[in-house]
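Me: I am new to this structure. Can we go through the terms used for it, one by one, and see what stands behind each?

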Amino acid sequence: MSSSPTPAPTFSRLLDRAMRILSQRDHSREELKGKLQLSNQRSAWMKQEAVEPIPDELLDQVVDWCQQNGWLNDQRFTERFILSRSRKGYGPQRIRMELQQKGIARDEIDQALFDTEVNWVACAANLATRKFGDPLPKDWAGKSKVQRFLMTKGFLMEDIQAIFRNFDD
């Protein structure tokens with residue numbers, strides 16, 4: 001391993017890397033910063049050189065440029081993420097946790113979940129019938145099994161109880 005560290009990438013090289021990352025899919029601001037740092041580490045590792053971290057000011061400049069030019073938008077990312085994860089069978093609690101891990105602010109998550117047109121009861125019912133068949137179990141043991149399954153997927157208890165109320169009618 002070489003003793004001299006690799007110089008930090010320039011604004012244009014970093015911006016080029018950011019554009020390539022953002023061309024694949026939407027990212028949150030914090031997620032993009034992390035990927036740029038990771039890309040820098042990989043580059044240094046491939047060259048077998050010491051890693052020189054990218055200065056926060058340079059990262060902020062690149063990320064700000066991406067935001068100002070419409071390539072990066074946390075609100076758009078949040079909305080698309082909610083729709084994508086809900087289609088894959090995840091509930092609002094799980095999605096909230098994943099968005100927090102991606103650096104989205106809690107109030108932005110709350111607003112996006114409030115504004116979304118996803119019908120969480122219908123999602124939970126669809127997932128439950130795919131897993132446990134139609135009709136859903138009516139006995140206590142069967143219902144608790146469905147309930148535990150849906151809770152692990154991030155659905156709220158009120159949504160889970162609503163599917164049983166709707167099917168009991």
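Me: Why is helix 4 called oblique to helix 5?
Reply: This is a predicted model. In it, helix 4 (residues 74-87) and helix 5 (residues 92-101) pack at an angle of about 140°. Their axes are 10 Å apart. Roughly parallel needs an angle under 35 degrees, roughly antiparallel one over 145, and roughly perpendicular one of 65 to 115. The angle of about 140° falls in the rest, so helix 4 is oblique to helix 5. The crossing of the two helices is right-handed.

Me: What makes the contact between helix 4 and helix 5?
Reply: Helix 4 brings Phe77, Thr78, Phe81, Ile82, Arg85 and Ser86. Helix 5 brings Arg94, Ile95, Glu98 and Leu99. By class, this contact has 5 nonpolar, 2 polar and 3 charged residues.

Me: Which residues have the most contacts inside the largest nonpolar core?
Reply: They are Ile82, Ile95, Leu99, Trp120, Leu150, Phe155 and Ile163. The core has 24 residues. Two or more residues each come from helix 4, helix 5, helix 6 (106-115), helix 7 (120-132), helix 8 (140-152) and helix 9 (157-168). Helix 7 gives the most, with 5 residues. A second, separate core has 15 residues, including Ile21, Leu22, Leu32 and Ile54.

Me: Why does proline 92 count as buried?
Reply: Buried means under 20% relative accessible area. Proline 92 has 5% relative accessibility, so proline 92 counts as buried. Proline 92 is found in helix 5. Leaving aside neighbours within four places in sequence, proline 92 is in contact with Leu113, Trp120, Gly154, Phe155 and Leu156.

Me: How far apart are proline 92 and valine 118 in sequence and in space?
Reply: In sequence, 26 residues separate them. In space, the distance is 9.6 Å, C-alpha to C-alpha.

Me: Which residues make the contact of helix 2 with helix 3?
Reply: From helix 2 come Arg29, Leu32, Lys33, Leu36 and Gln37. From helix 3 come Leu59, Asp60, Val62, Val63, Asp64 and Gln67. They divide into 5 nonpolar, 2 polar and 4 charged.

Me: Is glutamine 48 buried or exposed, and where is glutamine 48 found?
Reply: Exposed means over 50%. Glutamine 48 stands at 53% relative accessibility, so glutamine 48 counts as exposed. Glutamine 48 is found in the loop between helix 2 (29-46) and helix 3 (56-68).

Me: What is the phi of glutamine 48?
Reply: Glutamine 48 has a positive phi of about 55°, although it is not a glycine. Most residues other than glycine have a negative phi.

Me: What is omega for the peptide bond from aspartate 134 to proline 135?
Reply: Omega is near 5°, and the bond is cis. Most peptide bonds are trans. Proline 135 has its place in the loop between helix 7 and helix 8.

Technical notes:
Residues numbered from 1 in each chain as written. Predicted model: local features only at pLDDT ≥ 70, side-chain atom pairs only at ≥ 80, totals over all residues. Heavy atoms only, no water. Axes fitted to C-alpha atoms, helices over the stretch in contact; angles between N-to-C directions. Helix = DSSP H or I, 4+ residues; strand = E, 2+ residues; numbered from the N terminus. Left-handed = near helix turned anticlockwise from the far one by under 90°. Contact = heavy atoms within 4.5 Å. Nonpolar A, V, L, I, M, F, W, Y, C, P; charged D, E, K, R; others polar. Core = buried A, V, L, I, M, F, W, Y, C linked by side-chain atoms within 4.5 Å. Buried < 20%, exposed > 50% of the residue type's maximum accessible area, 1.4 Å probe, protein only.
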